[in-house]
Amino acid sequence: MRYSSATAIVTALWAAKSVTAAPVEDPSLGFAVPVTHNFLEVNHNGPKSFNDAINKWGIEKDLPTGEHLKSDLVMHKEVAKRYADSSAVAAPGSSDVEYTVPVKIGTPAQTLNLNLDTGSSDLWVFSSSQAISQTTGHDIYTPSTSSTWKKLAGFSWSIQYADGSGASGDVGTDKVTIGTTTVGTQVVEIANIVTSAFVNGGNDGIVGLGYSKLNTVSPVKAKTWFENVMSSLSNKLFTATLYHNKNGTYDFGYIDSKKYTGTVKYTPILTKNGWWEFPSRNYKVGRTTYSNPSTATGIADTGTSLLLVSSGAAKAYYKTISGAQANS
Ligand SMILES: *[C@@H]1O[C@H](CO)[C@@H](O)[C@H](O)[C@H]1NC(C)=O
């Protein structure tokens, strides 16, 4: 979907006759790209490429201010792409029960604190369609006050999570910004009703980051925010850095070398079930390595507080804790 603000930026750039040399710096990546020349002479397709890239995925980006920087971005698609990369604060709720991220939805933006959940694939929010008794203490999304909201008539969603909690409601599209990266036409599921765990809980909804295979929108499944943004990122990935009692981050499009030690290892994802599922050959308790059955898998789920393991792993772990007893 075309975006009026993106169109406005490109129009302004066409009016700019030339640009001076101006290094573009992305603090998160620490790279600099020196740019010279008149972009109209250097690359006739620059603005078109930029516009196409933005419109193809409905992605908008808060660009640095100043026509020079904006023009530089138009010239260098790669640079423009890197500017889709961004980072969002993940704040731990009380006792690290969950981590929420401020997410901006609609025009003008309404900010809700959402749980980024790699274990599900629905983006749903507390909304003005719920009874007031359900929403006390929560920020809600009011579609009627967003000029960019479009209801999808005849669509609905209904989800039940592994802990028995759930929510359901209507469906539409709006712009959704996490960090500084915006998807212009994101399917947003608004809650009509949620279960008590959500009423009493600390988030205003969920951003599912699993595979859209798990999405519950009917009659047609919705793509997740990450699936929509992926092609515009420098690297098609995101990382989660979650701390005990301390703000962490979700980074989109890059791996921040300050956030890990050692070497990043990669493993293929088994996409069949829609989770971030991978083979789990071994586990370690203290310094002892044990083997799992060859078919064992694990899933990386940022939206749960549970560590579910095989009984063998649980036994090996609790054997190291004096006084530990089995409790049904
Ligand atoms: C953690 O992040 C939240 C949300 O952005 C913010 O309101 C809060 O002030 C941050 N806390 C600290 C200690 O930085």
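**Close-up views of a predicted model**

**View 1. Surroundings of the ligand.** Val89, Ala91, Pro102 and Asn247 surround the ligand, a residue being counted as near when one of its heavy atoms lies within 4 Å of the molecule. An N or O atom in the side chain of asparagine 247 is 2.4 Å from an oxygen atom of the ligand. The ligand taken alone exposes 360 Å², of which the protein buries 31%; accessible areas come from the Shrake-Rupley method with a 1.4 Å probe. The shell comprises 3 nonpolar residues, 1 polar residue and no charged residue. In this classification, Ala, Val, Leu, Ile, Met, Phe, Trp, Tyr, Cys and Pro count as nonpolar, Asp, Glu, Lys and Arg as charged, and the others, Gly among them, as polar.

The model is predicted: local features need pLDDT of at least 70 and side-chain atom pairs count only at pLDDT 80 or more, whereas totals for chains, interfaces and linings use all residues. Residues are numbered from 1 along each chain as its sequence is written, and side-chain values use heavy atoms, with hydrogens and water left out.

**View 2. The largest nonpolar core.** This core has 28 residues, and Val125 and Phe252 have the most contacts inside it. A nonpolar core is a set of buried Ala, Val, Leu, Ile, Met, Phe, Trp, Tyr and Cys residues joined through side-chain atoms within 4.5 Å. Elements that each supply at least two of its residues include strand S4 (86–92), strand S9 (166–178) and helix H8 (225–229); S5 gives the most, with 4 residues. Helices (H or I, at least four residues) and strands (E, at least two) are DSSP runs numbered from the N terminus. Phenylalanine 252, in strand S13, counts as buried because its relative accessibility is 0%, under the 20% limit. Its C-alpha atom is separated by 8.6 Å from that of threonine 181, 71 residues apart along the chain.

View 3. Strands S15 (residues 282–285) and S16 (residues 288–291) pair in the antiparallel sense over 4 bridges; pairing requires at least two bridges found by DSSP. Threonine 289 in S16 is the bridge partner of lysine 284. The hairpin has 2 residues between its strands, and glycine 286 in the turn has a positive phi of about 60 degrees.

**View 4. Backbone features in loops.** A cis peptide bond, with omega about -10 degrees, joins threonine 107 to proline 108, which lies in the loop between S5 and S6. Asparagine 245, although not a glycine, has a positive phi of about 55 degrees. Asparagine 245 is exposed, with a relative accessible area of 53%, exposed meaning over 50%.

Notes. Polar contact = N/O pair within 3.5 Å; in protein donor to acceptor, adjacent residues only side chain to side chain. Buried < 20%, exposed > 50% of the residue type's maximum accessible area, 1.4 Å probe, protein only.
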